[in-house]
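Thanks for coming. I will keep this short, so please have the sequence and the model open while I talk.

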Amino acid sequence: MTTSSKVVLTEGFTVCGKWNKRSYRIGRLLGEGANGKVFLVHSGKRAYALKFGFDALDIQMEVNVLRELDKKMQRPFLHDADDVELNGNVYPFYVMTYIRGDIPRHYIGRNGSDWFYLIGLNLLHKLGDLHRQGYVFGDLKSENVLVSGYGEVELVDYGGVTGKGRSVKQFTELYDRGFWNAGERVADDGYDLFGFAVFCLQMGGMEKKLKELAGGLPQNRSPGDLAKLVDECPKCRPVSDVLKGAIAGRWTSSSDAAASWKLLMEKHGAAWRPRPEKAGLWIRTAFIASIGLFLSALYAFLLNG
Ligand SMILES: Nc1ncnc2c1ncn2[C@@H]1O[C@H](COP(=O)(O)OP(=O)(O)OP(=O)(O)O)[C@@H](O)[C@H]1O
């Protein structure tokens, strides 16, 4: 089997599975990472996400995780796993549920920073769903979180999912508690919650400072510095109990962390409710203005006519 890093797939090309004989028409590139390229594809009228991996073993491991999740979780994960022959070489790929949405930075950029709290809560719930089934997400980072609709959250890239108690095999340094000298790289709720706290700091606008700290000497990186960043981050301050607890490894259960986050949201009441989308507000204002203009034109016409 050949790895697929050099395969060029263009929009409109049809991939036909060697064994299962299902066909997928390639659409736009959804994303690309260290392990592969993910394309939006169509099969009949349905849209899916198709991943070409760079390494057959990695792809197989990801397929195994998705099969496990299919058995345990409510939504479908894996649709198909197959090989395709291209130019005489055989490449593995798999097809999964397509997740619509924007990365949090874009979603918040469009809809406003008040969504921070609801996105945080929904992400804690998503992590909790996995934790209750005995898994840890592992490679939590903003690129793997997609937000849509009313702050609904979905995770993508299940390549880092690890059974509780095992070593985390796929992670991104900035979000990794081992990197920050804050604990072991072992799968437990606290591992994901640490990544969640870094994610929130990023979402709260502290990305530059985070990167500065991460660029320091390894022995100087400490969870204490991250806790100080929470105090410096206005968006994070109201939920600092949850975030500092996650950084210090005090939460042993993501459900408890989510319940505490929700209480803090409720305590702060209406101010926490996200404002309507700017676009929606703009359209409503324009609509009311156009009715006003129409009525004045009609009035002027009747008056003169
Ligand atoms: N099911 C999906 N639906 C929609 N978009 C997806 C889906 N799966 C992946 N993507 C997009 O493709 C990107 C890359 O996919 P993925 O993270 O699986 O690749 P990777 O090689 O494992 O990446 P990394 O090196 O970051 O771990 C994601 O960040 C996301 O934007």
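Predicted model: local features only at pLDDT ≥ 70, side-chain atom pairs only at ≥ 80, totals over all residues.

First, the overall picture. The protein chain has 305 residues, and 46% of them count as buried. There are 8 helices and 10 strands in the chain. Now look at the contacts between residues with a separation of 6 or more: 57% of them come from residues 24 or more positions apart. As for the surface, the chain exposes about 16000 Å², with carbon and sulfur atoms supplying 55% of that area.

Next, the strands. Please find strand E6, residues 89–97. Which strands pair with E6? Strand E5 is joined to E6 by 8 bridges, and strand E4, residues 46–53, is joined to E6 by 5 bridges. E5 and E6 run antiparallel, and E4 and E6 also run antiparallel. To check this on your screen, take one pair from each side.

What is the phi of Asn87? The value is near 50°, which is positive, and Asn87 is not a glycine. As background, most residues other than glycine have a negative phi. Is Asn87 buried or exposed? Asn87 counts as exposed because its relative accessibility is 81%, and the cut-off for exposed is over 50%.

Asn181 is not a glycine either, and its phi is positive, about 55°. Where is Asn181? Asn181 lies in the loop between strand E10, residues 162–163, and helix H4, residues 189–214. Its relative accessibility is 44%, so Asn181 counts as partly exposed.

Last, a helix. H3 covers residues 116–132, which is 17 residues. From the first C-alpha to the last, H3 reaches 24 Å, close to the 24 Å expected at 1.5 Å a residue. How many of the residues of H3 are buried? The count is 13 of 17, so H3 is mostly covered. After H3 comes Gly134, with a positive phi near 90°.

That is the end of my part.

Notes:
Residues numbered from 1 in each chain as written. Heavy atoms only, no water. Helix = DSSP H or I, 4+ residues; strand = E, 2+ residues; numbered from the N terminus. Expected span 1.5 Å × (residues − 1). Buried < 20%, exposed > 50% of the residue type's maximum accessible area, 1.4 Å probe, protein only. Contact = heavy atoms within 4.5 Å. Areas by Shrake-Rupley, 256 points an atom, 1.4 Å probe, with all protein chains shown as cover. Pairing = 2+ DSSP bridges.
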